[in-house]
Amino acid sequence: MGQDRVQGKALIVIPAFNEQHNILKVIGDIRESLPDFDILVINDCSHDATSAYARKADGIKVIDLPYNLGIGGAVQTGFKYAHARGYEYMVQIDGDGQHLPREVVKLLGAMERSGSDMVIGSRFLDIQSFRTTWLRRFGIKVFYVLFRLLIKTKVTDSTSGFRIYNSKSIELLSRHYPDDYPEPDAIILLKKHGLSICEVGVEMREREHGSSSITPIKSPYYMAKVILSILFSYTRTRW
């Protein structure tokens, strides 16, 4: 699928919290690689000048959230925006610069070939890329086993936020999206509603400025919370 065919139909959503040193470069990289995509920055009540820096870029939309909602609330704002305006595709690119916009063509191509409703960009699928900390990789393997047991699906990079969604998954996730550490939980949600997912290997890079919210100290808490959330989502009968 050529990029020109998605003009006016595809939205890039950039959730950003305290990313004043990264945001303009992220927008610039998207402009260079994906000129036919619309861009929406969700400023999650940053303490720094993220919003002001983002607004320096021409032709993009910036939403300033009045409260810090976390990554789940910020991305769900993007889903609601995309659904309300009838976008056929939505791509999440994090504001820290780890996701390479040029790799979006792989996500788009995989969606076209597979007919999946969501495609995850994986750091661990047939590609050498930035692989984050060993503790986080261990957690990803735990989630891999969990997904194999629960939904019989291989997901090698369940915490990756680098994803493309079609209109069906946009509609669903605009109504229901986990608040905290939402990426693994959203996989369960989509599968329970009969939507299909797949992965494609992508290159990522380390953030140049700032640090991840998931520190080594917080990692055990993150894992326990996400596992409980996945099990709750799996056993929940109604949404």
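Contact here means heavy atoms within 4.5 Å. This is a predicted model, where local features need pLDDT of at least 70, side-chain atom pairs count only at pLDDT 80 or more, and totals for chains, interfaces and linings use all residues. Residues are numbered from 1 along each chain as its sequence is written, and side-chain values use heavy atoms, with hydrogens and water left out.

**View 1. The surroundings of Phe79.** Leaving aside residues up to four places away in sequence, Phe79 touches Met90, Tyr165, Ile170, Leu173, Ser174 and Tyr177. Both Phe79 and Tyr165 are buried (under 20% relative accessible area, 1.4 Å probe, protein chains only).

View 2. Phe79 belongs to helix 3 and Tyr165 to strand 6 (residues 163–166), so the pair ties together parts 86 residues apart in sequence; helices (H or I, at least four residues) and strands (E, at least two) are DSSP runs, numbered from the N terminus. Together with Tyr177, these two residues form one aromatic cluster.

**View 3. Charges over rings.** The charged end of Lys56 sits over the ring of Tyr53, 4.3 Å from its centre. Likewise, the charged end of Arg85 sits over the Tyr81 ring, 3.9 Å from its centre.

Key:
Buried < 20%, exposed > 50% of the residue type's maximum accessible area, 1.4 Å probe, protein only. Phe/Tyr/Trp six-rings, centres within 6.5 Å; stacked < 30°, edge-to-face > 60°. Lys NZ or Arg CZ within 6 Å of the ring centre and 35° of its normal.
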